Amino acid sequence: MKKYFTVYGICWAIALVVFNIITFISTGNTVGISNAGAGFWVGYVFITIVFIANLVCSFLFFKEENIDKIFLKLPIIYIAYIALIVSLIAGAIAMAIPVIPYWVGIVIDVVILAVYAIAIVQVNAASDVVSEIDDRVKAQTFFIHSLTADAQTLMSFAKSDVVQTECKKVYESIRYSDPMSNDALAQIENQIQNEFNIFAHAVKKDNTDLVKNSANKIIVPVSYTHLRAHETRHDL
């Protein structure tokens, strides 16, 4: 996400330069820089600080490298630019028009910064929750997905039609089983994995009898885990 921050940083720098140009040219042509009172400088310093705080918030937001989190956080990029543009307009107007108190620009820009910061916090929290759920789902589906890939690869080792048929039956039973796992199925999954290792060895040795026997010992518990997974989610 660094490229997004680079582009944003360029826009931020342009906005800050524009703010300074408008502020000093307008003040110089009205009251004069030398006649600007303490209120002017207080307003200028505080609005500049708000700009810097905006950049800091953006840096903390844009430093994310996780691609899934980046996707979840994309909407906040629009808010970042809106916050920058509105801050520029409000600050420049407050500093350029003498009849408008400088504190008005400070208040508006601080409020904008607060809204932007809150939006970042909310999006970060939401993306963390979604990412945590996604990681948990990946962990719970790893066993079946891994076993499915192994079963598909194993079909290429079949040396006879009978063995090929059994390999396909095992592959399809695993492929169409419920991918979700849970702690209650850990023992059964270990049994399935151990039996699959035996099955794989038998396939590579072209041991037809052992292949048939081992295939049944895989298909039956796989069907059972599929049923148990559904029952567990239904109970929840």
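This is a predicted model: local features need pLDDT of at least 70, side-chain atom pairs count only at pLDDT 80 or more; totals for chains, interfaces and linings use all residues.
**Overall layout**

I went through the secondary structure next. I get seven helices and zero strands, so the run from the N terminus reads α-α-α-α-α-α-α. For contacts with a separation of 6 or more, I find that 77% join residues 24 or more positions apart. I also looked up the surface: the protein exposes about 13400 Å², and carbon and sulfur atoms supply 66% of that area.

**A36**

I find A36 in the loop between α1 (2-29) and α2 (38-62). Is A36 buried or exposed? Its relative accessibility is 13%, and because the cut-off for buried is under 20%, A36 counts as buried. I then checked what A36 touches, leaving aside its neighbours within four places in sequence. The contacts are T27 and W41.

**Aromatic pairs**

I note for myself that a pair of aromatic rings is described by the distance of the centres and the angle of the planes. How many aromatic pairs does a search of the whole structure find? I get eight.

One of them is F19 with Y44: the ring centres are 6.0 Å apart and the planes are at 5 degrees, so I log the pair as stacked. F19 is in helix α1 and Y44 in helix α2, so this pair ties together parts 25 residues apart in sequence. I checked burial for both partners. F19 has a relative accessible area of 0% and is buried; Y44, at 16%, is buried too.

Then I turned to F196 and F199. Their ring centres lie 6.2 Å apart with the planes at 45 degrees, so this pair goes down as tilted. Both residues are in helix α6 (residues 186-205), and because they are three residues apart there, about one helical turn separates them. I have F196 as buried, and F199 as well.

Which residues do ring pairs link into a cluster? I wrote down F19, F24, W41, Y44 and F51.

How values were computed: Residues are numbered from 1 along each chain as its sequence is written. Side-chain values use heavy atoms; hydrogens and water are left out. Helices (H or I, at least four residues) and strands (E, at least two) are DSSP runs, numbered from the N terminus. Buried means under 20% relative accessible area, exposed over 50%, partly exposed in between (1.4 Å probe, protein chains only). Contact means heavy atoms within 4.5 Å. Accessible areas come from the Shrake-Rupley method with a 1.4 Å probe; for residues, only the protein chains shown count as cover. Rings of Phe, Tyr and Trp (its six-membered ring) pair if their centres lie within 6.5 Å; planes under 30 degrees apart count as stacked, over 60 as edge-to-face and the rest as tilted.
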